[in-house]
Amino acid sequence: MAPAPPSSKDLEGFWGEPTSTLDWCEENYVVSYYIAEFWNTVSNLALILPPLITIASFTKYQQQIETRYYVACILMTIVGIGSWCFHMTLLFEMQMLDELPMIYAACVLIYCIFQTDGKESHSLALAVSLILCAVTVTLVYLTIQDPMFHEVCYGSLVLLIIGRCIYCIRTMEHSRYLCMYGMASIIGAFIIWNIDNICCTQLRSWRDSLPFPLSVLTQGHMWWHILIGMATHVHIMFSLHIRSSYLKYSPKIKHVASFPYLSLAGAGTQKTSMDGNKNHYL
């Protein structure tokens, strides 16, 4: 994807000339001297806050929530913080802090959704494969510094997650509501992301003609953050719902604002494996 065309409204700001390989459709330093892309920055709260609330909700079920779900939430928060720093500064180092954790988080989400049915024998091979994938992508990306490479890698990982989700809804006990919620969010996010990139000039024209706060609604990358934050959070809940159902925890869906969370009504009665051991692992 090519960087957004320069805007006549771009201003100089606190962080100096952008060094990132990408610059988005939002005009630079228009809202704040200290924040290059204000709306693209603050919209990362949709990536930062939900996983923190999720971790807080886990405290009631410390013995039932497996480590991988904590790791997924922590990485989601790191992605949000990295993206905040990237859009605030438009510096290459902060871009890497945003984009590389996206790969790591996607790998953890793959591990989560592939480890919902208690097949422990596959867990180590899957974990090693995903670690090698993350390391390879990191080394190649830092070498070639081509954002298209990152986009292809991240998109491929997301497609793998979606494919596994489709398999899960056909073969396992699941929440249709969480499935449709997550799918709608991820599809909407990618549609808006592409519109923001392809139609940037037209969006800027509309933005100039609209009064505040309506003009803010044309910030496509802001909506990408909101929707991808919702999609990622809902996917974690979807994966956890399948896993909790397998372990006979009787998960119930609750909401904080528009974000769903799980209550494990039957926690404490784990399903056991064929040899009698609890299927409770990383």
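**Cysteines and the disulfide**

Mentor: Keep in mind that this is a predicted model. Cys25 and Cys200 form a disulfide, with their sulfur atoms 2.2 Å apart.

Trainee: How many disulfides does the structure hold?

Mentor: It holds 1 disulfide.

Trainee: Which parts of the chain does the pair link?

Mentor: The pair links distant parts of the chain, 175 residues apart. Cys25 is in the segment before helix H1 (38–42), and Cys200 is in helix H8 (residues 200–209).

Trainee: What about the handedness of the disulfide?

Mentor: The torsion about the S-S bond of Cys25 and Cys200 is about 100°, so the disulfide is right-handed.

Trainee: Is Cys25 buried or exposed? And why?

Mentor: Cys25 counts as buried because its relative accessibility is 2%. Cys200 also counts as buried, at 2% relative accessibility.

Trainee: Moving on. Where is the nearest cysteine sulfur to Cys112?

Mentor: That sulfur belongs to Cys73 and is 8.6 Å away. Cys112 is in no disulfide. A disulfide needs sulfur atoms within 2.5 Å.

Trainee: Is Cys112 buried or exposed?

Mentor: Cys112 is buried, with a relative accessible area of 2%.

Trainee: What is the relative accessible area of Cys153?

Mentor: It is 16%, so Cys153 is buried. The cut-off for buried is under 20%.

Methods. Residues numbered from 1 in each chain as written. Predicted model: local features only at pLDDT ≥ 70, side-chain atom pairs only at ≥ 80, totals over all residues. Heavy atoms only, no water. Helix = DSSP H or I, 4+ residues; strand = E, 2+ residues; numbered from the N terminus. Buried < 20%, exposed > 50% of the residue type's maximum accessible area, 1.4 Å probe, protein only.
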